[in-house]
Amino acid sequence: MPYIIISTQIRLAIGPTICGDEWADPDLMKYLGAELVHTFGNSFKEYISSDPPRVVLNKMDLIGYKVIASTGVGQTITWTLYKADETTAEKGVES
């Protein structure tokens with residue numbers, strides 16, 4: 001899973017941080033301290049960490065993920081991160 005999107009509400013810059021959808025890697029979500037929750041009114045589940053985005057992004061950096069883009073969407077800020085897998089690294093493609 002080379003791409004992941006991290007997000008939070010701008011007014012909640014100290015957390016919680018949304019770390020993935022219900023199909024995200026459960027081991028990665030455990031490492032981030034994120035729990036799978038179903039918020040009332042949503043038709044989907046998502047992993048949420050009580051850590052602020054800075055802490056989540058630092059954890060991702062420690063395991064090789066790099067921020068490749070960030071943007072504000074309404075009242076939400078999102079970061080797209082990428083980590084080259086073994087196949088990509090063998091082909092000489094850089095992240």
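**Contacts, Burial and Bridges in a Predicted Protein Chain**

Colleague: Which residues does Thr80 touch, not counting those up to four places away in sequence?

Modeller: Thr80 touches Tyr3, Ile4, Ile5, Lys66, Val67, Ile68 and Ala69. Each counts as a contact because heavy atoms lie within 4.5 Å. The model is predicted: local features need pLDDT of at least 70 and side-chain atom pairs pLDDT 80 or more, while totals for chains, interfaces and linings use all residues. Numbering runs from 1 along each chain as its sequence is written, and side-chain values use heavy atoms, with hydrogens and water left out.

Colleague: Where is Thr80 found, and what makes it partly exposed?

Modeller: Thr80 is found in strand β6; strands are DSSP runs of E with at least two residues, helices are runs of H or I with at least four, and both are numbered from the N terminus. Its relative accessibility is 22%. Buried means under 20%, exposed over 50%, and partly exposed in between, with a 1.4 Å probe and protein chains only; Thr80 is therefore partly exposed. Its C-alpha atom is separated by 9.6 Å from that of Tyr65, 15 residues away along the chain.

Colleague: How do you know whether Glu46 is buried or exposed?

Modeller: Glu46 has a relative accessibility of 13%, which is under the 20% limit, so it counts as buried. This residue lies in strand β4, residues 46-49. Beyond its neighbours within four places in sequence, Glu46 is in contact with Ile18, Gly20, Asp21, Glu35, Leu36, Val37 and Thr39.

Colleague: Why is the meeting of Lys66 and Asp61 called a salt bridge?

Modeller: The term requires a side-chain nitrogen of Lys or Arg within 4 Å of a carboxyl oxygen of Asp or Glu. Lys66 and Asp61 meet at 2.7 Å, N to O, so the pair qualifies. Both partners are partly exposed, Lys66 at 40% and Asp61 at 38%. The structure holds 2 salt bridges; Asp51 and Lys59 form one of them, at 3.1 Å.

Colleague: What is the volume of the largest pocket, and why is it called a pocket?

Modeller: Its volume is about 210 Å³, the space filled by probe spheres set on grid points joined across faces, edges and corners. On a 1 Å grid over the protein atoms alone, a pocket is an open set of points with protein on both sides within 12 Å along at least five of seven lines, and lining residues have an atom within 4 Å of a point. Of the 14 lining residues, Ile4, Ile5, Gly20, Asp21 and Ala24 are closest to its centre. Strand β1 supplies the largest share, 5 residues.

How values were computed:
On a 1 Å grid over the protein atoms alone, a cavity is a set of points where a 1.4 Å probe fits but cannot get out, and a pocket is an open set with protein on both sides within 12 Å along at least five of seven lines; lining residues have an atom within 4 Å of a point.
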